[in-house]
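Subject: Structure handover

Hello,

Here is the structure I promised to pass on. Please open it first, then read my notes below with it on screen.

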Amino acid sequence: MQYRVAVAVVWTHFVLTALEAAPLKIRRATEHFHLVENVIGQYIATKPYKVITEPNGDETVHILKEPPSDIAIIAGEIIYQLRSTLDYLAFDLVKLNPLGITLPRDWEDNCCFPLWLNPPKKTPVYNCFKGRLPGITKAAFAFVERLQPYHRKGAAEIMGLIANLSNIDKHRHLNVTIPNLITAEVLTHTRGTISIRRSGLKHGAKIEPRVMQQPYPTVNVERTSSVYVVFDEPTVGKSAHLAVEDILKLCIEEIENDIIPAFAHFLK
């Protein structure tokens with residue numbers, strides 16, 4: 001007599017920890033970074049500009065074609081991966097509850113990595129982030145506070161870029177990108193050469209002639225020009241002169257090389 005044995009297969013779903021998921025997020029952000037580099041490179045290769053000499057002799061920049069919207073879309077995907085990585089790390093830190101406090105009932109709904117763009121009215125003290133990060137240690141608090149965008153320098157400035165670019169892309173519109181012209185001139189005179197570099201020239205900008213204070217007459221001028229793409233968003237601030245890919249690279253490297261290793265220590 002034969003018997004059939006029914007075998008029940010039970011699938012167990014494992015949730016990756018923040019430290020397991022973070023490298024995956026960084027890897028995806030890096031893949032998108034290489035993609036946006038290619039899109040920008042293809043756009044630059046079309047030479048979408050002209051330097052026009054006006055009847056009065058002035059030279060002005062004319063942009064013939066705007067950057068493709070794919071640049072802003074891919075940049076938004078990179079920023080999303082980075083912003084969510086920060087929130088993953090924050091969530092696991094509170095979940096660990098290193099101080100053993102009674103966590104608020106709704107802590108999961110409110111937990112996120114704080115990125116304060118404006119400084120608080122009072123000097124930040126431990127733990128002014130308790131609404132988002134209850135129960136964290138003083139060391140973790142000091143690290144997170146050091147990264148707050150209101151400090152506006154170093155790593156904090158980079159975190160401000162992530163916060164602002166994320167807020168715009170998530171809640172308002174695609175981050176605006178525009179081309180800027182960069183020119184390099186080599187002036188040859190009877191005693192040698194002088195190099196002149198101009199960048200950040202937008203559509204309609206006048207290329208001002210450089211008056212050289214030297215006694216030797218210029219006999220030849222060679223100019224090379226190219227475009228690079230920047231974020232045209234006021235909240236980018238003084239980083240608006242940086243190329244899109246340079247900003248994105250800074251953001252990826254800050255989280256990969258500074259923030260994730262720090263949280264690896266806090267989450268032991």
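Start with the surface. The chain exposes about 16000 Å², and carbon and sulfur atoms supply 54% of that area. Please keep in mind that this is a predicted model.

**Overall layout**

The chain has six helices and five strands. Read along the sequence, their order is α-β-β-α-α-α-α-β-β-β-α. The C-alpha trace spans about 100 × 65 × 35 Å along its principal axes. What is the radius of gyration of the chain, and what would a compact globule of 268 residues have? The chain has 26 Å, while such a globule would have a value near 18 Å.

Buried residues make up 41% of the 268 residues. Now take the contacts between residues at least 6 apart in sequence. Of these, 68% join residues at least 24 apart.

Charges come next. There are 30 positive and 28 negative side chains. The centres of the two sets lie 5 Å apart.

**Aromatic pairs**

The count comes to eight aromatic pairs. One of them joins tyrosine 126 and phenylalanine 141. Their ring centres are 5.7 Å apart, with 80 degrees between the planes. That makes the pair edge-to-face, because planes over 60 degrees apart count as such. Which parts of the chain does this pair tie together? Tyrosine 126 lies in the loop between helix 3 (107–110) and helix 4 (138–146), and phenylalanine 141 lies in helix 4, so the pair ties together parts that are 15 residues apart in sequence. Are the two residues buried or exposed? Tyrosine 126 is partly exposed, at 36% relative accessible area. Phenylalanine 141 is buried, at 8%.

Another pair is phenylalanine 143 with phenylalanine 263. The ring centres are 6.2 Å apart and the planes stand at 75 degrees, so this pair is edge-to-face. Phenylalanine 143 belongs to helix 4 and phenylalanine 263 to helix 6 (residues 244–266), so the pair ties together parts that are 120 residues apart in sequence. Phenylalanine 143 is buried, with a relative accessible area of 10%. Phenylalanine 263 is buried too, at 1%. Phe143 and Phe263 also belong to one aromatic cluster with Phe113 and Phe266.

**Helix 4**

Which residues of helix 4 are buried? They are Ala140, Phe141, Phe143, Val144 and Glu145. Their cover includes helix 2 (70–96) and helix 6.

Look at valine 61 in strand 2 (residues 59–63). Its relative accessibility is 0%, so valine 61 counts as buried. Glycine 204 is 143 residues away from valine 61 in sequence, yet their C-alpha atoms are 5.1 Å apart in space. Beyond four places in sequence, valine 61 touches Lys50, Leu181, Leu201, Lys202, His203, Gly204, Ala205 and Ile207.

Next, go to strand 3 (residues 177–189), where you will find threonine 177. Threonine 177 is buried, with 11% relative accessibility. Leaving aside neighbours within four places in sequence, its contacts include Glu66, Pro67, Ile71 and Val244. Val229, Val230, Phe231 and Asp232 are also in contact with threonine 177.

Threonine 183 lies in strand 3 as well. At 1% relative accessibility, threonine 183 is buried. Threonine 183 and arginine 223 are 40 residues apart in sequence and 6.8 Å apart in space, C-alpha to C-alpha. Leaving out residues up to four places away, threonine 183 touches several others, among them Ile196, Leu201, Ile207, Arg223 and Ser225.

**Backbone details to check**

Where is there a cis peptide bond? It joins tyrosine 126 and asparagine 127, with omega about -5 degrees. Asparagine 127 sits in the loop between helix 3 and helix 4.

Lysine 47 is not a glycine, but has a positive phi of about 50 degrees. Lysine 47 lies in the loop between helix 1 (18–45) and strand 1 (49–53). Its relative accessibility is 59%, so lysine 47 counts as exposed.

Asparagine 97 also has a positive phi, near 50 degrees. Asparagine 97 is in the loop between helix 2 and helix 3. Is asparagine 97 buried or exposed? At 16% relative accessibility, asparagine 97 counts as buried.

Best wishes

Key
Residues are numbered from 1 along each chain as its sequence is written. This is a predicted model: local features need pLDDT of at least 70, side-chain atom pairs count only at pLDDT 80 or more; totals for chains, interfaces and linings use all residues. Side-chain values use heavy atoms; hydrogens and water are left out. Helices (H or I, at least four residues) and strands (E, at least two) are DSSP runs, numbered from the N terminus. The radius of gyration is taken over C-alpha atoms; the globule rule is 2.2 Å times the number of residues to the power 0.38. Buried means under 20% relative accessible area, exposed over 50%, partly exposed in between (1.4 Å probe, protein chains only). Contact means heavy atoms within 4.5 Å. Accessible areas come from the Shrake-Rupley method with a 1.4 Å probe; for residues, only the protein chains shown count as cover. Lys and Arg count as positive and Asp and Glu as negative; His and the chain ends are not counted. The place of a charge is taken as NZ of Lys, CZ of Arg, CG of Asp or CD of Glu. Rings of Phe, Tyr and Trp (its six-membered ring) pair if their centres lie within 6.5 Å; planes under 30 degrees apart count as stacked, over 60 as edge-to-face and the rest as tilted.
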